[in-house]
Amino acid sequence: MLMGQILSLAGMFEGKHVTWMPSYGPEMRGGTANCTVVVSDEEVASPVTSQAEVIVAMNIPSLLKFEKAVTPGGYLFINQSVVDREPTRIDINIVKVPCNDIADALGNLKVANMVMLGAVVEKTKVVSLDSIFMALEKKLTGGKASLIEVNKEAIKKGMEAAK
Amino acid sequence: MAERVLVKGTEAIGEAAIRAGCRLFFGYPITPQNELPEYMSKRMPEVGGTFLQTESEVATINMVYGAACTGTRVMTSTSSPGFSLMQEGISYMACAQLPAVLVNVVRGGPGLGDIQPSQGDYWQATKGGGHGDYKLIVLAPSTVQEAVDLTVLAFDLADKYRTPVVIIADGVIGQMMEPVTFPEFRNLNTLPKHDDWALTGANGREKHIVVSFDIDPHVLEKMNLEIVEKLRKIEANEKRWEEYKLEDAEIVITAFGTVGRIAKSVVEQARKEGIKAGLFRPITLWPFPYERLEEISKGKKLILDVEMNMGQMLEDVKLAVKDHARIEFYGRMGGVVPTPDEIFEALKKFLNV
């Protein structure tokens with residue numbers, strides 16, 4: 001969810017049209033919590049979609065549910081630390097990132113999502129790293145401001161991992 | 001220029017209400033609109049306003065009723081089952097001619113239904129909802145920015161016509177985040193004071209009476225006629241809609257709110273495949289823009305009405321289009337949001353292509 005918000009915010013800073021749509025149903029009470037982000041040069045007509053150019057699966061249930069939704073030629077990012085099975089699609093780009101392991105090495109397991117965000121930005125170039133950092137600074141304020149550095153570090157590590 | 005911020009629909013409506021001068025909010029929790037009262041509970045004390053969580057929707061609407069009697073800008077928000085519970089109070093407010101803004105973030109129904117996005121309360125909102133002869137102004141935003149703009153408009157219209165105004169949204173508009181620009185804060189001193197009718201303390205002036213009742217049928221009929229006259233004025237002046245790529249369109253999609261924006265994707269998709277489609281999106285569901293839709297429908301190959309219900313606005317589309325064009329309907333229920341692809345498939349099926 002936060003990954004999606006940072007991405008949306010970064011897109012907004014670049015003057016793009018963005019939408020962020022969360023799941024808010026039973027998924028949020030234990031399940032495949034997810035969000036849909038649209039970053040576009042044009043007005044966003046539909047904030048929901050059955051197909052996405054980029055899918056990020058942080059766990060096995062999400063992989064099972066959303067693998068089929070990647071558009072052919074699109075990207076499927078998999079959190080390798082948690083997902084111990086192989087995707088079945090061969091018409092898409094698979095990027096495996098050991099998010100939890102990298103986050104753990106940074107001393108904060110909670111930044112696993114930012115590791116993944118770094119990987120997504122590196123591969124897709126959907127927004128610039130500068131915009132992501134700007135969004136992070138906008139989002140993490142007050143007591144959370146002290147977490148900006150470790151989040152930035154996580155994003156950079158994620159970019160490296162995806163290179 | 002004011003700053004663009006990324007906000008959730010529900011919170012955007014809350015902030016817009018405060019900027020429009022609303023300082024009273026009563027509400028009772030229900031998904032998917034809880035972020036709105038939550039936002040108000042934090043924000044109202046910051047601006048010297050009052051947030052009150054009631055014990056039920058029935059209590060909520062009667063507190064709104066009471067607050068509105070003082071001529072003060074007041075708001076509540078709820079979701080479908082809660083809106084049903086409020087209908088008695090809304091009918092009373094319509095009769096007493098009281099301004100208020102009511103937000104319904106519609107969810108799947110009927111009954112307890114579910115908590116997913118739906119447009120199943122179109123009839124309830126536009127055809128009355130409660131008992132007796134009345135209508136409410138009903139505004140249907142399709143983006144978060146529009147939700148902001150229509151919230152401000154809702155307060156102005158409520159004051160102008162002394163009527164409750166409904167903002168009808170759904171889980172998509174309520175839950176999604178989009179960049180918006182908020183308007184400036186209204187100066188509270190410039191808001192309508194309603195000196196001529198509001199209950200503000202009769203010390204030193206003749207007393208005002210606000211009621212939704214008269215035992216004498218002839219007196220009540222006079223009250224009815226006054227309301228009807230007002231409603232006719234609203235019909236004449238307040239119809240709003242959006243037209244999208246209709247100039248050369250042969251196919252017109254009619255849709256409101258969330259589906260109204262999804263349908264834009266369908267228009268684009270259709271045009272890529274050589275089907276000249278356009279969109280007619282009512283913004284005021286009541287008063288419904290019948291005349292304009294009739295005009296547009298003349299000579300069209302197909303009018304495709306798309307909604308997240310069994311075909312509720314469809315009845316108004318039929319009243320508008322009459323026999324000028326063929327009308328078809330595609331809808332999803334139960335809280336299922338149609339994708340652009342499936343709407344386009346439905347369109348192609350109706351066109352036999």
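In this structure, 21 residues of chain B are in contact with 17 residues of chain A, where two residues are in contact if their C-beta atoms, placed from the backbone, lie within 7 Å. This is a predicted model, in which local features need pLDDT of at least 70 and side-chain atom pairs count only at pLDDT 80 or more, while totals for chains, interfaces and linings use all residues. Residues are numbered from 1 along each chain as its sequence is written, and chains are lettered from A and ligands numbered from 1 in the order in which they are written.

**The side of chain B that touches chain A**

- At least two residues each are supplied to this side by β1 (4-8), α8 (171-175), β8 (177-181), α10 (257-272) and α13 (340-351) of chain B; helices (H or I, at least four residues) and strands (E, at least two) are DSSP runs, numbered from the N terminus.
- The element that gives the most to the side of chain B that touches chain A is α10(B), with 5 residues.
- The residues of this side of chain B comprise 10 nonpolar, 5 polar and 6 charged, where Ala, Val, Leu, Ile, Met, Phe, Trp, Tyr, Cys and Pro count as nonpolar, Asp, Glu, Lys and Arg as charged, and the others, Gly among them, as polar.

**Helix pairs in chain B**

- Helix α1 (residues 9-19) of chain B packs against helix α7 (residues 144-161) of chain B at an angle of about 30°, with their axes 8 Å apart; axes are lines fitted to C-alpha atoms, for helices over the stretch in contact, and angles run from 0 to 180 degrees between N-to-C directions.
- α1(B) and α7(B) are therefore roughly parallel to each other, given that angles under 35 degrees count as roughly parallel, over 145 as roughly antiparallel, 65 to 115 as roughly perpendicular and the rest as oblique.
- The contact joins G9(B), A12(B), I13(B), A16(B), A17(B) and R19(B) of α1(B) to V144(B), A147(B), V148(B), T151(B) and V152(B) of α7(B), and by class it has 8 nonpolar, 2 polar and 1 charged residues.
- Helix α3 (residues 57-68) of chain B and helix α5 (residues 87-96) of chain B have axes that come within 8 Å and cross at roughly 15°, and α3(B) and α5(B) are therefore roughly parallel to each other.
- On α3(B) the contact is made by I61(B), N62(B), Y65(B) and A68(B), and on α5(B) by G89(B), I90(B), Y92(B) and M93(B); these residues divide into 6 nonpolar, 2 polar and no charged.

**A helix pair in chain A**

- Helix α1 (residues 2-13) of chain A and helix α4 (residues 112-124) of chain A pack at an angle of about 40°, their axes being 9 Å apart, and that makes α1(A) oblique to α4(A).
- L2(A), M3(A), I6(A) and L7(A) of α1(A) meet N113(A), M116(A) and L117(A) of α4(A) in this contact, which by class has 6 nonpolar, 1 polar and no charged residues.

**Burial in chain B**

- Of the 21 residues of α9(B), the number buried is 2, so this helix lies largely in the open; a residue is buried if 20 or more other C-beta atoms lie within 10 Å of its own, exposed if 12 or fewer, and partly exposed in between, with C-beta atoms placed from the backbone.
- D159(B), whose place is in helix α7 of chain B, is buried, with 21 other C-beta atoms within 10 Å.
- Not counting residues up to four places away in sequence, D159(B) touches P99(B) and P192(B).
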